[in-house]
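Please examine the sequence and the structure shown below before reading the report.

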Amino acid sequence: MVIPRHVAIILDGNGRWAKQHGMPRNYGHTQGAKNVETICREAWNLGIKYLTVYAFSTENWCRPKDEVRALMKLLRNYMKNCIKTAEKNHMRVRILGDVSKLDEDIQESIRNLEEFSKDQDGLNFQIAINYGSRDEMLRGMKRMLQDYRDGIFSIEELDEQRFEGYLDTRDIPAPDLLIRTSGELRLSNYLLWQIAYSELYFTDVPWPDFTKKELVKAIEDYNSRDRRYGGVKEE
């Protein structure tokens, strides 16, 4: 079985899972956060080198204020605990998204986590926080235009590779497989540039119930695809 180098996941269904179990939505988010560590470990054991998860989108600020506050509290705790997890599992952790919109203490935790884990040689783990693909591309284009004005490159030198260097995912390979849990069949503004040639896999299983078995099912489905780039079958 061919193991995809990079898997991206939209973590969906925490709130609905909690409702099904007669619990508040925030309980679902807490259980979902716990499952992230489990899947990180299982992904690495399977041979996946890069794992990117969608934790909080630019649109999530529109959720009820109590839920947003609870999510930020959960994020605070997760960022602090993630240093121990990164050390234990030898993970390099990077954050995608506009972190400038987060509270300063969360930004500091992110800086500490990225600095602490930058030399780890295990799983490359990316967490998308306050992330939206359209926002990412607009931020990237603003930086790119400024560099053009500063004479760093000419119009003739502008190509896909240069543009990718301005995205949050620079130096990270494009996902081979994108998974969305909990039955929704949309991309929700996630890694739109990066998944141009990714295989898409949708499952009805909510994120808190997504196990190693479900991850293997997604990889098996990935293996059943006839992947072609420009009409040439991938070896």
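The report that follows treats aromatic pairs, salt bridges and surface patches in turn.

## Aromatic pairs

The structure is a predicted model. A search of the whole structure finds eight aromatic pairs. One of them joins tyrosine 54 and tyrosine 131 in an edge-to-face arrangement, with 5.9 Å from centre to centre and 80° between the planes. Tyrosine 54 belongs to strand 2 (residues 50-57) and tyrosine 131 to strand 4 (residues 124-131), so this pair ties together parts that are 77 residues apart in sequence. Tyrosine 54 and tyrosine 131 are both buried.

Another pair, formed by tryptophan 207 and phenylalanine 210, is stacked: the centres are 5.5 Å apart and the angle between the planes is 20°. Tryptophan 207 counts as buried because its relative accessible area is 1%, under the limit of 20%. Phenylalanine 210, at 0% relative accessibility, is likewise buried.

## Salt bridges

Side chains of opposite charge can pair when their charged atoms come close. In the whole structure, 18 salt bridges are found. One of these links the side chains of arginine 69 and aspartate 66, with a distance of 2.2 Å from N to O. Both residues lie in helix 3 (residues 65-89), where they are three residues apart, about one turn of the helix. Arginine 69 and aspartate 66 are both exposed.

Lysine 118 and glutamate 115 form a further salt bridge, in which the closest N and O atoms are 2.9 Å apart. Lysine 118 is partly exposed at 38% relative accessibility, and glutamate 115 is partly exposed at 49%. The salt bridge between aspartate 168 and arginine 139 has an N to O distance of 2.7 Å. This pair links distant parts of the chain, 29 residues apart: aspartate 168 is in the loop between helix 6 and strand 5 (177-180), and arginine 139 is in helix 5 (residues 133-149). Aspartate 168 is buried at 14% relative accessibility, and arginine 139 is buried at 16%. A network of salt bridges connects Asp12, Arg16, Arg180, Glu184 and Arg186.

## Surface patches

On the surface, Glu156, Glu157, Asp159, Glu160 and Glu164 gather in a patch of negative charge. Glutamate 164 is part of helix 6 (residues 160-164) and is partly exposed, with a relative accessible area of 35%.

A nonpolar surface patch consists of Leu185, Leu200 and Phe202, which together have about 270 Å² of accessible area. Leucine 200 is located in strand 6 (residues 199-202) and counts as partly exposed at 31% relative accessibility.

How values were computed: Residues are numbered from 1 along each chain as its sequence is written. This is a predicted model: local features need pLDDT of at least 70, side-chain atom pairs count only at pLDDT 80 or more; totals for chains, interfaces and linings use all residues. Side-chain values use heavy atoms; hydrogens and water are left out. Patches are made of residues with over 30% relative accessible area and no salt bridge: like charges are joined within 9 Å, nonpolar side chains (Val, Leu, Ile, Met, Phe, Trp, Tyr) within 5 Å. Accessible areas come from the Shrake-Rupley method with a 1.4 Å probe; for residues, only the protein chains shown count as cover. A salt bridge is a side-chain nitrogen of Lys or Arg within 4 Å of a carboxyl oxygen of Asp or Glu. Lys and Arg count as positive and Asp and Glu as negative; His and the chain ends are not counted. The place of a charge is taken as NZ of Lys, CZ of Arg, CG of Asp or CD of Glu. Helices (H or I, at least four residues) and strands (E, at least two) are DSSP runs, numbered from the N terminus. Buried means under 20% relative accessible area, exposed over 50%, partly exposed in between (1.4 Å probe, protein chains only). Rings of Phe, Tyr and Trp (its six-membered ring) pair if their centres lie within 6.5 Å; planes under 30 degrees apart count as stacked, over 60 as edge-to-face and the rest as tilted.
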